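User: Could you walk me through a few local features of this model? I'll jump around a bit.
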Amino acid sequence: MSSSIEGDPSDDLRVTPPKTWATGLPAVTHALEYSLGQTSPRRTALTLLNINQAKGIDCPGCAWPEPAPGKRHMNEYCENGAKHINDEATSRRVTREFFREHSIAELGGASDYWLNQQGRLTEPMVKRPGGTHYEPIGWDEALGLLAGELRGLDSPDEALFYVSGRLNNEAAFLLQLFARAYGTNNLPDCSNMCHESSGSAMSQTLGIGKGSVSLDDIHHADLIFVVGQNPGTNHPRMLSALEETKRNGGQVVAVNTLPEAGLMRFKHPQKARGLIGRGTPIADQFLHIRAGGDLALFQALNLLLLEAEDAAPGTVLDQAFIRTHTTGFEDFAAHARKTDWADVLAATGLSREEIQEVFERVLSSEKVIVCWAMGLTQHKHGVPTIREVVNFLLARGNIGKPGAGVCPVRGHSNVQGDRTMGVWERMPQEFLDALETEFGFAPPAHHGLDAVNSIRAMDEGRAKVFLGVAGNFVRATPDSAVTEAAMRTCRLTAHISTKLNRSHTVCGDTALILPTLGRSDRDVQATGEQFVTVEDSMSDVHASRGKLPPASPHLLSEVAIIARLARLTLGEEPEIPWELFEADYGTVRDRISRVVPGFEDFNARMAVPGGFTLPNPVNQGVFPTPSGKAVFTCNDFTMPQVPEGHLLLQTLRSHDQWNTVWYAPNDRYRGIHDARRVVLVNPADLAELGLADRDTVDLVSVWHDGRERRAENFRVVAYPASRGSAAAYYPETNVLVPLDSVADISNCPTSKGVVVRLEHTAGTGGDGSEPWAG
Ligand SMILES: Nc1nc2c(c(=O)[nH]1)N[C@H]1C(S)=C(S)[C@@H](COP(=O)(O)OP(=O)(O)OC[C@H]3O[C@@H](n4cnc5c(=O)[nH]c(N)nc54)[C@H](O)[C@@H]3O)O[C@H]1N2
Ligand SMILES: Nc1nc2c(c(=O)[nH]1)N[C@H]1C(S)=C(S)[C@@H](COP(=O)(O)OP(=O)(O)OC[C@H]3O[C@@H](n4cnc5c(=O)[nH]c(N)nc54)[C@H](O)[C@@H]3O)O[C@H]1N2
Ligand code: SF4
Ligand SMILES: [Mo]
């Protein structure tokens with residue numbers, strides 16, 4: 001592997017027109033290119049043949065579900081899934097020599113790309129107090145150090161256990177069991193920064209924080225809204241599902257601040273017609289909405305529904321459903337009637353005609369689904385926005401019937417499962433009671449810390465030991481400079497990881513790297529070969545079996561690391577047989593089946609290819625809210641306030657990255673090549689700001705604490721972003737997101753709503769010949 005450290009690449013920005021279609025042959029080629037750059041053709045073939053097959057490896061990419069086993073293609077994966085799995089299956093290795101060669105300070109100057117490209121971690125490493133380098137350490141000593149620090153804390157609440165959504169169910173269940181047996185609910189997770197707003201909004205209104213639709217519902221809906229989501233890049237196989245919706249006569253409305261390629265047209269890579277021709281148009285209507293305007297849009301649609309019902313009583317709203325299954329309708333209706341069109345048009349930037357056209361589609365549709373992702377959740381008013389979406393669906397009885405419902409499209413492959421397993425700082429008391437009954441200890445009842453509050457706790461010296469599992473905490477969280485400083489105050493930081501990332505370079509007094517098996521690695525324990533389980537975005541629970549020889553003989557599985565750490569920290573506990581759990585994951589599933597509702601006979605049901613689907617009570621007409629009914633809510637009109645001369649910045653993903661890790665400096669569908677420090681801005685806004693395409697600017701975020709947050713040296717690209725907004729990639733821009741800028745109620749960082757000004761630092765660098773220049 002390359003041994004000289006590379007920081008962020010120099011800027012070779014090239015811009016081509018944004019694509020108007022996604023996938024097809026180029027995608028297949030790109031995936032293979034990346035895979036073959038990482039590993040041998042044989043390993044590539046082995047991973048690709050097994051990805052998402054009933055007896056194979058669950059794709060470590062997104063949480064979009066697979067079709068039922070009989071309906072799967074031989075290649076049931078997308079370009080990005082292939083890249084994600086081969087990024088893990090890479091033949092490159094990070095060895096002890098590598099760590100001897102590079103000091104931690106040096107590694108701290110490397111780009112996220114370079115760190116990831118070094119390959120798989122191979123043995124446990126430690127940075128001792130005062131040390132400048134990581135050095136090898138045995139597993140027993142490493143876990144002993146961590147256990148010793150945990151035992152030495154004044155309170156268990158001084159420890160933090162961060163979990164990211166790649167972690168499998170078995171390990172997630174054990175981690176939360178360990179944290180609670182140890183005495184804390186401090187289980188911050190990536191969901192805190194992701195779909196927390198969805199969970200908050202849906203728990204309050206529907207009684208359950210999960211989506212209600214299946215793949216079959218998607219296929220048979222009359223109308224699907226795709227709001228604040230870029231499926232062409234982030235959930236590519238969702239496009240095959242939407243293509244089927246359209247074949248069955250359904251319609252799609254896309255709502256986005258950017259005209260994303262996948263929303264426009266799609267070419268199915270696994271079908272001959274996908275490789276040639278123009279592909280299927282996906283969106284029947286595209287609403288180019290202003291950033292943060294979605295609450296106003298759904299309020300307007302709700303007003304139109306009420307008015308149409310007034311004009312023709314009994315024909316528009318589902319009165320029977322509203323009477324039987326909901327509360328709060330009258331208050332909601334009275335509130336919605338006050339919606340002001342001038343406000344709506346200003347907040348959305350849409351015309352009344354456009355909204356009327358969508359409304360006609362709604363009226364002619366019996367079965368409606370709303371899908372959404374980070375474009376809704378990561379705004380200050382994300383929770384009320386999603387509650388308004390729920391109002392919209394409830395009003396016509398579009399919850400709990402086939403072809404209709406709520407569809408928050410999850411990110412990480414097992415992020416939903418980790419929550420089901422109890423990784424949440426605020427698990428309900430019934431779950432804690434079930435743990436107590438099963439394991440004979442009383443879990444702490446007071447809530448723990450979420451991601452943002454964990455950073456505050458480290459910063460204020462209230463948290464001293466940090467264990468991160470399967471993520472990259474310092475790059476995923478907001479306010480990078482603040483977060484990194486907070487991490488460095490810890491007595492000990494440790495990470496259970498497959499690959500090197502920046503979090504490993506931001507160390508407490510002592511720091512540990514605990515390398516682990518990935519999804520693709522074969523997992524053999526004392527009783528034989530093991531499999532793990534995951535839950536996708538549609539609550540399907542299924543097995544994942546690693547197929548490759550482990551990346552190194554010194555790796556332990558996540559289950560093994562957590563079980564050993566628990567024994568060392570808590571001592572032998574007859575009621576919690578950690579050793580047995582490590583030897584046979586089936587014994588973990590037995591415990592899950594007795595603690596987690598819906599997992600009865602877990603092991604037996606895992607024998608069925610494709611697994612099983614957890615029931616969502618709303619589909620049986622049961623709403624587990626205090627009243628037993630779905631709740632209409634009144635949501636005050638709000639729109640982001642952006643001072644003159646400023647833009648509302650969203651921090652988003654390029655096509656060639658997986659969250660905090662980028663694979664190449666390209667964003668093919670948006671036409672950005674060989675650069676990541678770019679900011680996409682509408683040409684009309686550029687003109688108003690006195691800037692030109694390709695100018696070099698600093699992004700400066702404006703927040704009322706008066707601290708300056710600056711991201712330097714970005715190139716401006718004139719782009720069809722909605723007026724008043726800007727878009728730039730995460731994690732380079734996390735430095736701009738103030739820690740205190742969070743969504744109301746959910747505490748999710750407002751990664752899609754950061755007020756910035758663009759400070760011009762250098763003249764036009766482009767040759768102006770590009771299609772989007774000026
Ligand atoms: N290849 C790849 N796949 C991934 C990931 C990855 O990093 N790479 N990450 C995974 C994870 S963890 C997640 S959570 C998902 C994320 O999936 P997405 O939510 O699709 O991810 P983002 O790139 O954050 O894109 C947000 C989308 O919302 C739009 N948007 C922003 N603000 C607004 C707004 O105010 N209103 C509306 N209507 N639209 C808005 C943006 O233009 C963009 O299209 O993807 C998962 N899949
Ligand atoms: N500004 C801004 N910030 C954001 C977002 C945004 O849109 N904008 N999105 C937020 C969202 S939606 C999310 S989900 C978070 C994501 O935050 P995280 O989930 O914390 O970040 P990842 O980049 O997915 O983590 C990558 C690391 O996971 C480890 N890893 C990968 N596979 C495995 C495995 O199988 N086992 C183990 N133990 N480790 C593994 C590797 O070491 C790799 O370096 O970021 C959030 N942060
Ligand atoms: S759509 Fe998501 S789960 Fe499916 S193959 Fe692609 S990345 Fe993997
Ligand atoms: Mo996410």
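User: Where is N747 found?
Analyst: N747 is found in the loop between β32 and β33, where strands (E, at least two residues) and helices (H or I, at least four) are DSSP runs numbered from the N terminus. This is a predicted model, in which local features need pLDDT of at least 70 and side-chain atom pairs count only at pLDDT 80 or more, while totals for chains, interfaces and linings use all residues. Residues are numbered from 1 along each chain as its sequence is written, chains are lettered from A and ligands numbered from 1 in the order in which they are written, and side-chain values use heavy atoms, with hydrogens and water left out.

User: And is N747 buried or exposed?
Analyst: N747 is buried, with a relative accessible area of 16%; buried means under 20%, exposed over 50%, and partly exposed in between (1.4 Å probe, protein chains only). Its phi is near 65°, a positive value in a residue other than glycine.

User: What about P731, where does that sit?
Analyst: P731 lies in the loop between β32 (725-729) and β33 (754-762), and the peptide bond from Y730 to P731 is cis, with omega near 5°.

User: What does UniProt list for residues 647-753?
Analyst: An unreviewed UniProt entry lists these residues as "domain: Molybdopterin dinucleotide-binding", with positions given in the numbering used here, feature names shortened, and annotations that may be inferred rather than shown by experiment. In the model, residues 647-753 are 7% helix and 35% strand, with the end C-alpha atoms 9 Å apart.

User: Switching to helices, how do α15 and α17 cross?
Analyst: The axes of α15 (residues 294-311) and α17 (residues 329-336) come within 9 Å and cross at roughly 105°, the axes being lines fitted to C-alpha atoms over the stretch in contact, with angles from 0 to 180 degrees between N-to-C directions. The two helices are therefore roughly perpendicular to each other, a label for angles of 65 to 115 degrees, whereas under 35 counts as roughly parallel, over 145 as roughly antiparallel and the rest as oblique.

User: Which residues make the contact?
Analyst: Q299, N302, L303 and L306 of α15 meet F329, F332, A333, H335 and A336 of α17, contact meaning heavy atoms within 4.5 Å.

User: Last one: why is α9 largely enclosed?
Analyst: Nine of the eleven residues of α9 (residues 196-206) are buried, so the helix is largely enclosed by the rest of the structure. Its buried residues pack against several elements, including β14 (368-372), α21 (382-395) and α22 (415-420), and just after α9, G207 takes a positive phi of about 90°.
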